[in-house]
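Hi everyone, thanks for making time for this.

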Amino acid sequence: MSKKEIRFGVIGCGLMGKEFASAAARWLHLTDVDFIPRITHVCDAHLPATEWFRQNVASVTRATADYRELLADPEVDAVYCAVPHNLHQQLYIDIIKSGKHLLGEKPFGIDLAANEAIMRAIADHPEVIVRCSSEFPFFPGAQRIAEWVAQEKFGRIIEVEAGFWHSSDLDPNKTINWKRRIATNGEYGCMGDLGMHVAHLPFRFGWMPANVRALLSKIVERRPDGKGGMADCETWDNAILACEVKTDTQAFPMVLSTKRIAPGHANTWFIRISGTKGSAEYSTKNPKQVAFLPYEPGAEQAWHMTDVPYKSAYGTITGGIFEFGFSDSILQMWAAFCDEIAHGRDNQASFQCARPEEAAMSHKLFTAALESAASGMTVSMNWS
Ligand SMILES: NC(=O)c1ccc[n+]([C@@H]2O[C@H](COP(=O)([O-])OP(=O)(O)OC[C@H]3O[C@@H](n4cnc5c(N)ncnc54)[C@H](O)[C@@H]3O)[C@@H](O)[C@H]2O)c1
């Protein structure tokens with residue numbers, strides 16, 4: 001099958017820039033896709049960070065420290081931008097104005113005002129496809145839960161809990177980085193960092209919080225600054241958002257939590273739904289298994305644990321045999337984004353990347369959560 005080549009520029013050659021390069025290098029793992037990304041141009045303000053790409057990605061022919069050079073390159077069709085949050089507004093707007101498609105990293109602007117500016121640029125450039133990175137819903141267990149929601153298998157929903165828990169900041173001796181500073185990560189702290197991952201599926205299901213009461217914690221207050229001294233950690237480590245969801249037909253409590261300091265959790269993303277006819281649970285802690293508990297009045301309650309097949313949005317060469325992991329979820333997300341570029345918004349993908357509108361909703365929720373934490377009150381959401 002001949003494949004449409006999509007030429008990519010990468011802005012931000014850190015952790016996530018490399019993760020994309022790794023997914024692009026493993027494109028042969030996907031079956032039945034008639035498109036392929038080729039990274040041609042990379043950019044990092046710290047130019048030595050581009051060296052890894054030069055050494056490991058044969059298709060990279062250009063590297064720059066100035067992203068405007070990359071945007072002026074006619075041999076770049078689309079851009080992946082993975083830079084600190086304070087840069088999202090300027091860079092995303094410039095990318096969109098350059099006419100190149102964009103997969104931007106969450107939170108899609110450091111705060112609500114930055115996000116609104118990005119949303120205005122998107123509205124002014126409908127010809128450009130813009131999506132927000134969020135890979136966990138591509139895990140097969142999460143896809144199974146999305147199918148069950150579409151099939152209305154839960155009856156009346158009793159409650160929902162979703163979270164993303166890390167212990168990456170449990171060690172107080174870990175040196176401070178940009179994610180612990182308000183100027184670069186934003187007031188949202190862990191919500192900006194992890195929250196879009198948690199909100200993606202609930203928002204996709206139409207479960208909009210009518211209000212939120214937030215409990216935000218700062219646990220490690222100072223960290224080594226890497227220069228022999230100590231520096232203040234300014235951002236929230238953990239957040240618990242207790243929301244009341246109201247849809248046209250249902251009302252139920254939903255707890256969304258994002259934690260940088262959750263002992264025992266390395267990178268745990270989960271969603272639990274309890275309902276009168278069925279309940280389900282999926283966690284990347286146990287990535288193969290998805291649990292479902294059907295319920296008939298008076299009948300026994302028995303959880304059914306399924307080793308869910310490696311089946312996400314796109315087929316893979318060995319998926320029927322082996323299990324799925326984090327890098328597979330990244331590969332699937334990239335396939336969904338490239339599919340939209342290759343085939344337009346009407347492509348046949350079973351699950352599409354997070355939309356800018358979903359990222360914008362997360363900003364409204366996190367802004368209300370900050371207000372709730374400051375006032376100690378429940379804050380109503382206005383989605384109009
Ligand atoms: N989807 C995910 O699972 C996931 C995971 C981690 C981080 N992220 C997001 O990815 C983004 C980047 O995070 P990261 O962990 O890769 O950060 P990182 O610190 O590893 O990399 C960021 C890179 O951006 C570069 N940079 C800074 N200013 C720049 C500029 N003006 N022009 C070009 N490059 C510049 C830095 O030098 C650095 O190499 C953030 O938005 C973060 O929230 C997403």
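Predicted model: local features only at pLDDT ≥ 70, side-chain atom pairs only at ≥ 80, totals over all residues.

Let's begin with a question: in which sense do strand S7 and strand S13 pair, and over how many bridges? They run antiparallel, with eight bridges between residues 157-165 of S7 and residues 268-275 of S13.

Strand S12, residues 251-259, pairs with S7 in the parallel sense over six bridges. Here Trp165 finds its bridge partner in Lys259 of S12.

Moving on from S12, we come to S11. Those two strands are antiparallel and joined by nine bridges. They make a hairpin, with four residues between the strands. Lys246 stands opposite Ala251 in S12.

Let's zoom out to the whole sheet. It is open and built from nine strands, in the order S16-S15-S14-S13-S7-S12-S11-S8-S17, with mixed pairing. At the edges sit S16 (304-307) and S17 (379-380), each pairing on one side only.

And the helices? Helix H6, residues 140-150, packs on the sheet and touches S13, S14 (278-283) and S15 (289-294). Its direction makes about 160° with that of S14. Then there is helix H10, residues 356-375, lying across S8 (209-217), S11 (238-246) and S17. H10 runs at about 60° to S8.

Conventions. Residues numbered from 1 in each chain as written. Pairing = 2+ DSSP bridges. Contact = placed C-beta atoms within 7 Å. Axes fitted to C-alpha atoms, helices over the stretch in contact; angles between N-to-C directions.
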